[in-house]
Amino acid sequence: MPRASLDERLAALGAQLAPAPDKPEETPASTLRALWLLAAGTPASAALALETELPDLDDDGHARLDGLVASRLAGTPLAHLTGRQRFMGLEFAVEPGALIPRAETELLANAALSFLKAVPAADARRCLDIGTGSGNLAVTMAALCPGARVLASDVSEDATRVARLNVERLGVADRVSVFVGDLFAPFDTAEHHGRYPLVLCNPPYVSSANVSQMPAEISGHEPAAAFDGGFGGMGVLRRLLRDAPRFLAPGGRLMFEVGAGQGEGLLRNMAAGGTYPLVEGLKDERGVVRAIIAGC
Ligand SMILES: C[S@@+](CC[C@H](N)C(=O)[O-])C[C@H]1O[C@@H](n2cnc3c(N)ncnc32)[C@H](O)[C@@H]1O
């Protein structure tokens, strides 16, 4: 389809460029605009592409666009083609070694940001981000909360490489440090105990038994460690709940994302368990609990 306009391509592709399974921002129009910009040599997330004027493409550019559209239709995630994803208004680098940041995680990010900003002394705005992935939560805290300092961990070396890339790209290297390690292991020393007003985590919470039933676009392209939460999806979560109190400062909060359908039961169990006298669920726009705030 040489030199077809954006509108002509959109009409021809129709619903084939349907939104990705869990990325509502990827409409046919935003997807095609992002691929158009990429073909022109300007990588942009779907969200940024909607705000960016499209340049003209020459014949080579249209041929590149044809190839990119074919890759997208074959199931390659848009963010793996563009290498970009917007999260909390920031443009993150994306690579296959780390989970693509999801818009749904902004529920957790917004609550965490409000809480950290309310810590009166800027130099006390310390945060741990467990399972940092691309570093989206860690970088957001540092970039959008004045004075915030974040220590981040991930068990995946590939993910920490992406996180460090984002820490550098988004200019927060002086306030975010990224470590490879299991949950809290990289900071489990006396100097870190009882010191953090905020412990943040978006853990893997899909039951191992369900990982193979996830859409191929997700399970076939993003790292299993980002989803697979073990038996009942609770493996990492259980250890997070057990260990986080050791690091929380008085009045501090553990904030974490949960899977759709997981929140109500967890809230009941936590309320009955006693470790966290304060537990609150955060609901998304459909009324589903997708994040939990806990204090002890
Ligand atoms: C759902 S992803 C979240 C990534 C990122 N924080 C986000 O919000 O997009 C979960 C992350 O936890 C990491 N992870 C899984 N098990 C872990 C463990 N035992 N210790 C540290 N990180 C772990 C995975 O590698 C993955 O990067």
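## The shell around the ligand

How do the residues of the shell around the ligand divide into nonpolar, polar and charged? In this predicted model, the shell holds 13 nonpolar residues, 9 polar residues and 2 charged residues. Of the 24 residues around the ligand, those that come nearest are Gly131, Gly133, Val155, Asn202 and Ala226. Two elements, α7 (136-144) and β4 (149-154), each give two or more residues to this shell.

## Strand β4 and its parallel partner

Strand β4, one of the elements that give two or more residues to the ligand shell, is also paired with strand β5 (residues 176-180), to which it is joined by 5 bridges in a parallel arrangement. Within this pairing, Leu151 has Ser177 of β5 as its bridge partner.

## Strand β7 between two pairings

Strand β7 (residues 248-257) is mostly covered, with 7 of its 10 residues buried. It pairs in the parallel sense with strand β6 (residues 196-201) over 5 bridges, whereas its pairing with strand β9 (residues 289-295), made through 5 bridges, is antiparallel.

Leu254 of β7 takes part in both pairings: Leu254 is the bridge partner of Val199, and Leu254 also stands opposite Ala294 in β9.

## Domains and their contact

The domain assignment divides the protein chain into domain 1 (6-82) and domain 2 (98-295), and the C-alpha centres of these two domains lie 31 Å apart. Domain 1 contributes 11 residues to the contact, and domain 2 contributes 8 residues. On the side of domain 1 that touches domain 2, the residues comprise 5 nonpolar, 3 polar and 3 charged.

## The loop at Gly14

Gly14 is located in the loop that lies between α1 (6-13) and α2 (28-39). Is Gly14 buried or exposed, given its C-beta neighbours inside 10 Å? Gly14 counts as exposed because it has 9 C-beta neighbours inside 10 Å, and the cut-off for an exposed residue is 12 or fewer. Although Gly14 and Pro28 are 14 residues apart along the chain, their C-alpha atoms are separated by 7.8 Å.

Terms used. Residues are numbered from 1 along each chain as its sequence is written. This is a predicted model: local features need pLDDT of at least 70, side-chain atom pairs count only at pLDDT 80 or more; totals for chains, interfaces and linings use all residues. A residue is near a molecule or strand if its C-beta atom, placed from the backbone, lies within 6 Å of it. Helices (H or I, at least four residues) and strands (E, at least two) are DSSP runs, numbered from the N terminus. Ala, Val, Leu, Ile, Met, Phe, Trp, Tyr, Cys and Pro count as nonpolar, Asp, Glu, Lys and Arg as charged, and the others, Gly among them, as polar. Two strands pair if DSSP finds at least two bridges between them. Domain bounds come from an automatic or database domain assignment. Two residues are in contact if their C-beta atoms, placed from the backbone, lie within 7 Å. A residue is buried if 20 or more other C-beta atoms lie within 10 Å of its own, exposed if 12 or fewer, and partly exposed in between; C-beta atoms are placed from the backbone.
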